[in-house]
Amino acid sequence: MLNICTNFMQHLLPQDCLLCGAYSGRAKLCPDCHADLPYHTAACCPACAMPALDGHLCGQCLKHPPPFSRTEVAFTYAFPLDRLVLALKYGHQLAVVSLLADTLCARVVGHALPDLLIPMPLHPNRLRERGFNQAHEIARHMAQQLCLPVWPNAATRVIDTAPQASLPLKQRRKNLREAFTCNTRVAGKRVAIIDDVMTSGSTLEALTEVLLKAGAVEVQCWVVARAVMQHNF
Ligand SMILES: [Zn+2]
Ligand SMILES: [Zn+2]
């Protein structure tokens, strides 16, 4: 109830820009910060959303096609968007959700929509630590806008892959392959996985494989921000 009231008041009352603190009226960002956002508009590979000439499949995806059919991305993961994602994840700034989710919605309308949305699950340890799953918050907002169901418990993260940086690469890959289980009947469904940031794509790839194995006919990735780096499918 408190959340509903807070959101309602935030919508009505003038507020400060979430990034620089300047007066922004009813908008979440002031015009300057809004203009600085790194929209992911460059021609990119439809499968992995990495920059690619003329928007064709990139060489990497031609050589090793990822298991997901396409990736839709709202922003490039760069300043000052990274600050907003961190404010959401670690500062519990839930006011950021609608700004990020609305931009991602604008990217996907006009395409054939999936049957349902599945937020990237957090391991129960992370969920306890953080108190909420940012991907679930984004998925919930998008589901409302697009009139689609969201299945937050369709998959579970059974291995905590976050704190495994010290493990050898081979072990990390094995853990990632076994990181998820699917708990729901997704047979025959077209699914979009919702996540906040895509880096190498390997976590999205692992969850996609589990959903396809459970019978999903198509899996897309809808991601708020894409880190533009050398990828390693
Ligand atoms: Zn600002
Ligand atoms: Zn690609």
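At 16% relative accessibility, Glu137 counts as buried, and its side chain meets that of Arg140 in a salt bridge with an N to O distance of 2.7 Å. The model in which this pair is found is a predicted one. Its chain is divided into domain 1, residues 1-36, and domain 2, residues 40-226, and the structure as a whole holds eight salt bridges.

**The two domains**

- The C-alpha centres of domain 1 and domain 2 lie 26 Å apart, and the contact takes seven residues from domain 1 and nine residues from domain 2.
- About 660 Å² of area is buried between domain 1 and domain 2, and carbon and sulfur atoms give 80% of that area.
- On the side of domain 1, the residues that lose the most area to domain 2 are Leu18, Leu19 and Lys28, which together account for 64% of what that side buries.
- Across the interface of domain 1 and domain 2 the rule finds zero salt bridges, and the count of residue pairs in polar contact between the two domains, with both residues at pLDDT 80 or more, is zero as well.

**Helix 4 and its surroundings**

- In helix 4, which spans residues 81-89, the buried residues are Leu81, Asp82, Leu84, Val85, Leu88 and Lys89; seen down the axis of helix 4, these buried residues fall within an arc of 160 degrees, so they line one face of the helix.
- The elements against which the buried residues of helix 4 pack are strand 1 (71-76), helix 5 (96-108), helix 6 (124-130), helix 7 (134-146), strand 5 (190-198) and strand 6 (218-226).
- Asp82, which is buried with a relative accessible area of 17%, meets the side chain of Arg83 in a salt bridge of 4.0 Å, N to O, whereas Arg83 counts as partly exposed at 47% relative accessibility.

**Other salt bridges**

- Side chains of opposite charge can pair when their charged atoms come close.
- Glu137 and Arg140 are three residues apart in helix 7, so they are separated by about one helical turn; Arg140, at 37% relative accessibility, counts as partly exposed.
- Elsewhere, Arg126, Glu129 and Asp160 are joined into one network by salt bridges that share partners.
- The side chains of Glu72 and Arg70 also meet in a salt bridge, at 2.7 Å from N to O; Glu72 counts as buried at 5% relative accessibility, while Arg70 is partly exposed, with a relative accessible area of 26%.

Note on methods: Residues numbered from 1 in each chain as written. Chains lettered and ligands numbered in written order. Predicted model: local features only at pLDDT ≥ 70, side-chain atom pairs only at ≥ 80, totals over all residues. Heavy atoms only, no water. Buried < 20%, exposed > 50% of the residue type's maximum accessible area, 1.4 Å probe, protein only. Helix = DSSP H or I, 4+ residues; strand = E, 2+ residues; numbered from the N terminus. Arc of directions from axis to C-beta. Contact = heavy atoms within 4.5 Å. Domains from an automatic or database assignment. Buried area = accessible area lost by both parts, 1.4 Å probe. Polar contact = N/O pair within 3.5 Å; in protein donor to acceptor, adjacent residues only side chain to side chain.
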